[in-house]
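The stops below are to be selected in the order given.

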Amino acid sequence: MIKGVGVDIVENSRFSSFPQGALEKIFTPFELEEMESRVEKTEYLASRFAVKEAVVKAYGTGFGAVGARDIETRKDEKGKPFVLVKGKKEGSLHISLSHEKGYSIAFVVLEEL
């Protein structure tokens, strides 16, 4: 059963000049390390931020109940993205990411376990 959905779109250039300190308040150490290996760093950051926004929308909580650094996007062995949310065990999250002409979008479905 679906408990919630969330979607967010971000302009990639929004992350082209963020100071390191600001990035460290939003992204996990894993995400920042992963970003360093990417050619399209701003696209990577924008898509991961879109995931964070879409996740809190799916939960219906906003960032008040879950911090941005509590949400981490990773990939499985086949490259499929998945999300870890610190302190949240209820439900299963399914995510989809896409990029197009300077924008990144994330769509999240929260399914009841």
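**A buried glutamate and its surroundings**

Select Glu 31 to begin: its relative accessibility is 0%, so Glu 31 counts as buried (buried means under 20% relative accessible area, exposed over 50%, partly exposed in between, with a 1.4 Å probe and protein chains only). The model is a predicted one, in which local features need pLDDT of at least 70 and side-chain atom pairs count only at pLDDT 80 or more, while totals for chains, interfaces and linings use all residues. Residues are numbered from 1 along each chain as its sequence is written, and side-chain values use heavy atoms, with hydrogens and water left out.

Next, display Lys 52, which forms a salt bridge with Glu 31, the closest N and O atoms being 2.9 Å apart (a salt bridge is a side-chain nitrogen of Lys or Arg within 4 Å of a carboxyl oxygen of Asp or Glu). Lys 52 lies in helix α3 and Glu 31 in helix α2, so the pair ties together parts that are 21 residues apart in sequence (helices, H or I of at least four residues, and strands, E of at least two, are DSSP runs numbered from the N terminus). Lys 52 is also buried, at a relative accessible area of 0%.

**Around helix α2**

The whole structure holds four salt bridges. Select Lys 57 and Asp 8, whose side chains meet in one of them (3.0 Å, N to O). This pair links distant parts of the chain, with Lys 57 in helix α3 and Asp 8 in strand β1, 49 residues apart. Lys 57 is partly exposed at 41% relative accessible area, whereas Asp 8 counts as buried at 13%. Move on to Arg 74 and Glu 72, where the side chains meet at 2.7 Å, N to O, in a salt bridge.

**The paired strands**

Finally, select β1 (residues 2-11) and β5 (residues 103-111), which pair in the antiparallel sense over nine bridges (two strands pair if DSSP finds at least two bridges between them). Within β5, Tyr 103 is the bridge partner of Glu 11, and Glu 100 also stands opposite Tyr 103.
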